[in-house]
Amino acid sequence: MNDLTKQKILKNRELLKAYIAADAAPEPTDQQQKLPFPLPEKEPRSGEVISLPTDFEKTAGEKSLYELIAGRESCREYAPEPLTLNELAFLLWATQGVRKFAGRFQQVTFRNVPSAGSRHAFETYLFIQNVEGLAPGIYHYLASRHALEVWEDRKDFSEELERALGGQNFAVKAPVVFVWSAMPYRMEWRYGLKSHKYMLIDAGHVCENLYLACEAIGCGTCAIGAYDQELLDELLGFGPGPSAEKDYECAVYAAPVGKHTK
Ligand SMILES: Cc1cc2nc3c(=O)[nH]c(=O)nc-3n(C[C@H](O)[C@H](O)[C@H](O)COP(=O)(O)O)c2cc1C
């Protein structure tokens, strides 16, 4: 290992710790400085939102938690059949669904996954190719309304998506690909330099819920961490990084979903 790599590894290892050396004498966080709080989710781009069903309790089936955990495995082959809207709504609810609003201005969301300080720094995007009732396209989940909006009105993304997912061809054969982005400032506002560790831990909760929820409805998924950052960010229309701007957003994790092959 050369010295440069060693230095980078040392720096990155600091991320694993509860606090990092550079934070030993931290400046007050933006929250402590009473700067305005960031919104818990992105506002819809247009007025047109697609409400999602909420009556998916029965869709979730009757497998026990034991069976869901024991059956969970990464799935890289999907049946050609579509997902129903109810199934998709259930997966979105399980991964980012909002249960409660709190705070003086109802600006804090409590969701079906835990998040450090309930900051919930993620947005969910869906590359949909085969979901009943939804035209193929790129969608954005509006968690607090349990609704979708069309993010990009285009149907022909599969080649670009395959490249953006590091050439992992199995992923673009799925009826839907989840991509989670982080809006780091939502976490940094409260936790400053500790935020990045927390966001990565939080991402694990989200994807594990997706695995278990998929298992409950006869679907499979596979976490994808090996994607092309620039291409995926570009495909979702995020500005180029690195950036310390408050509205900066970048993709952090992806997961294709489809029915198990029999
Ligand atoms: C953070 C993370 C990133 C991953 N990235 C990929 C990936 O890019 N491509 C892939 O095929 N699998 C990926 N996986 C899936 C792992 O390969 C898989 O979980 C592992 O082989 C164990 O298999 P299991 O999930 O069936 O237990 C990833 C898993 C995690 C947790």
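Hi everyone, two housekeeping points before the structure. Residue numbers start from 1 along each chain as its sequence is written. Because the model is predicted, local features need pLDDT of at least 70 and side-chain atom pairs count only at pLDDT 80 or more, while totals for chains, interfaces and linings use all residues.

Let's begin with two helices. Helices here are DSSP runs of H or I with at least four residues, numbered from the N terminus. Helix α3 (residues 85-96) packs against helix α6 (residues 195-216) at about 145 degrees, and their axes are 8 Å apart. Those axes are lines fitted to C-alpha atoms over the stretch in contact, with angles running from 0 to 180 degrees between N-to-C directions. The crossing of α3 past α6 is right-handed, meaning that the near helix is turned clockwise from the far one by less than a right angle.

Who makes the contact? From α3 we have F90, L91, A94, T95 and Q96, and from α6 V206, N209, L210, A213 and C214; contact means C-beta atoms, placed from the backbone, within 7 Å. These residues divide into 7 nonpolar, 3 polar and no charged. Ala, Val, Leu, Ile, Met, Phe, Trp, Tyr, Cys and Pro count as nonpolar, Asp, Glu, Lys and Arg as charged, and the others, Gly among them, as polar.

Now to the core. The largest nonpolar core has 65 residues: buried Ala, Val, Leu, Ile, Met, Phe, Trp, Tyr and Cys joined through C-beta atoms within 7 Å. Buried means 20 or more other C-beta atoms within 10 Å of a residue's own, exposed means 12 or fewer, and partly exposed is in between. L91 and L210 are among the members that touch the most others. Helix α6 gives the largest share of this core, 9 residues. Setting aside residues up to four places away in sequence, L91 touches L210, A213, C214 and V257.

Beyond four places in sequence, its contacts are L52, P53, V131, E132, G133 and L134. L85 and G133, 48 residues apart in sequence, are 6.5 Å apart, C-alpha to C-alpha.

Finally, the ligand: the residues around it are E73, S74, Q168, C222, A223, I224, G225 and A226, each with its C-beta atom, placed from the backbone, within 6 Å. Thanks, everyone!

Methods:
Contact = placed C-beta atoms within 7 Å.
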